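This report is for a reader meeting the structure for the first time. Please have the sequence and the 3D view open while reading.

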Amino acid sequence: CINMTQPNSIDANQLRKSFPIFEKRSLIYLDSAATSQKPKIVIDAVKNFYNEYNSNVHRSIYDISQEATEAYETAREKVAKFLNVDKVDSIIFTKGTTESMNLIAYSWVRHNLKKDDEILITEMEHHSNMVPWQLACKDVGAKLKIIPFEFDGTLKHPEKYFSKRTKLVSISHQSNVFGTINDIDKIINLAKKYNAISVIDAAQSVPHFPVDVKAIDCDFLAFSGHKMLGPTGVGVLYGKPELLENMNPFLGGGEMIRSVQLNESTWNDIPWKFEAGTPNIAQAIGLGVAVDFLNEIGMNNIHNYEKLITDYALNCLNEIDGITIYGNPPNRGGVITFNINNIHSHDLAQILNDDKIAIRAGHHCAQPIMNKLNVSSTARASFYFYNTFDEIDLLCKSIKKAIKLFK
Ligand code: 7TS
């Protein structure tokens, strides 16, 4: 492998010390696209909530309930600031990207689309940015149109797929298979030109590089807390306030109402109109602390470091005989999907696991990509700022060992 030194802005070995899991076990964790590891301060924030001020939010005047409400709403403010969003009430806490997409599909699409309208997605979407639209299209008689990907993992001429019937376009900011950072500015501009709503699946982008919602000016943006150092069970839907205000609620129940009579009800203001029931309080507070941690490191530093470690990994992996790396997008993040000749990805993952290396094997919730690549499954290594260049060397060494075993 070529010699590369780490930039001074990120010291992965030092940062790893903030993550208890790396202290407790020998682990080369290369599956951060599935979920990231959690720093101690996030785990402690969740623990402290339950130990010290566990109570429900938005409903009681006693001290700990006020504290819980304040911490929960502060987390929302932190997320808004992180995204450069002025209006905090445009940040809705959901369970994750999947729920955020379903919220749009139920509360916007099913009320605004009719027969023969079109929703536009791409062929490289995660199932959670595909299936909710399939279901909604079926319900309203709309059509789902697909922008195909090229084998280099990019999208060519997306403008060809827009029409005056396009009412919503939803696209991943960064692919969880190819690592492609898609040109969302182009897509959002096309959406504006065609008067369509733009939705950004930011599950793989917000954790890894600065995302300025004001600058990109999309209508909706969704991501998951657990991929950005936060707990599972909390995610975000950003929506333009004027859209959210005119949308019907998604789930009905407590919290989301203003008044309830026996036969009808009125709705709370945004964002609470979309947060029915007791929310994931500890998790949202944990996400706020994760945002603090990311800010401290600096999203630009994270992005630059991941670019270096990904280039390094690509160089090392490309030297391996019999490897196929899927996609070669010019603008990419830290996700590399590949196969090794004559070794099933599950067998490879098993052998790597013996060396304490965690990679993902399977379809990565993107079966249409696998179908087009004509494979049933692939191996995937994905990186975060806590991965070291040494770990990449060990990954390549372990893959070479697997090749020898299967000879
Ligand atoms: N969108 C993208 C681009 C994703 O990568 C994922 C999860 C989701 C949406 C769904 O997120 P969730 O938190 O609601 O589940 N991606 C992966 C993955 O690549 N491996 O495991 C989960």
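## Contacts with the ligand

A backbone N or O atom of T97 is found 3.5 Å from an oxygen atom of the ligand, where a polar contact is a pair of N or O atoms within 3.5 Å (within protein, one must be able to donate a hydrogen and the other to accept it, and residues adjacent in sequence count only if both atoms are side-chain atoms). For T98, a polar side-chain atom lies 2.5 Å from a ligand oxygen atom, and for H226 a polar side-chain atom lies 2.7 Å from an oxygen atom of the ligand. On its own the ligand has 490 Å² of accessible area, of which the protein covers 87%; such areas come from the Shrake-Rupley method with a 1.4 Å probe, and for residues only the protein chains shown count as cover.

This is a predicted model, in which local features need pLDDT of at least 70 and side-chain atom pairs count only at pLDDT 80 or more, while totals for chains, interfaces and linings use all residues. Residues are numbered from 1 along each chain as its sequence is written, and side-chain values use heavy atoms, with hydrogens and water left out.

## The shell around the ligand

Around the ligand there are 15 residues, and T98, D201, Q204, R360 and R380 come nearest; a residue is near if one of its heavy atoms lies within 4 Å. By class, this shell has three nonpolar, eight polar and four charged residues, with Ala, Val, Leu, Ile, Met, Phe, Trp, Tyr, Cys and Pro counted as nonpolar, Asp, Glu, Lys and Arg as charged, and the others, Gly among them, as polar.

## The largest pocket

The ligand sits in the largest pocket, which is to say that more than half of its atoms lie within 2 Å of the pocket's grid points. On a 1 Å grid over the protein atoms alone, a pocket is an open set of points with protein on both sides within 12 Å along at least five of seven lines, and lining residues have an atom within 4 Å of a point.

The space in this largest pocket is about 330 Å³. Its lining has 22 residues, of which T97, T98, H126, S224 and K227 are the closest to the centre. Helix α5 (residues 97-112) gives the largest share of that lining, three residues, and by class the lining holds five nonpolar, 11 polar and six charged residues.

## Two backbone details

The peptide bond from I270 to P271 is cis, with omega near 0 degrees, and P271 is placed in the loop between β10 (265-267) and α10 (281-297). L229, a residue other than glycine, has a positive phi near 80 degrees.

Notes. On a 1 Å grid over the protein atoms alone, a cavity is a set of points where a 1.4 Å probe fits but cannot get out, and a pocket is an open set with protein on both sides within 12 Å along at least five of seven lines; lining residues have an atom within 4 Å of a point. Grid points are joined across faces, edges and corners, and a volume is the space filled by probe spheres set on the points. Helices (H or I, at least four residues) and strands (E, at least two) are DSSP runs, numbered from the N terminus.
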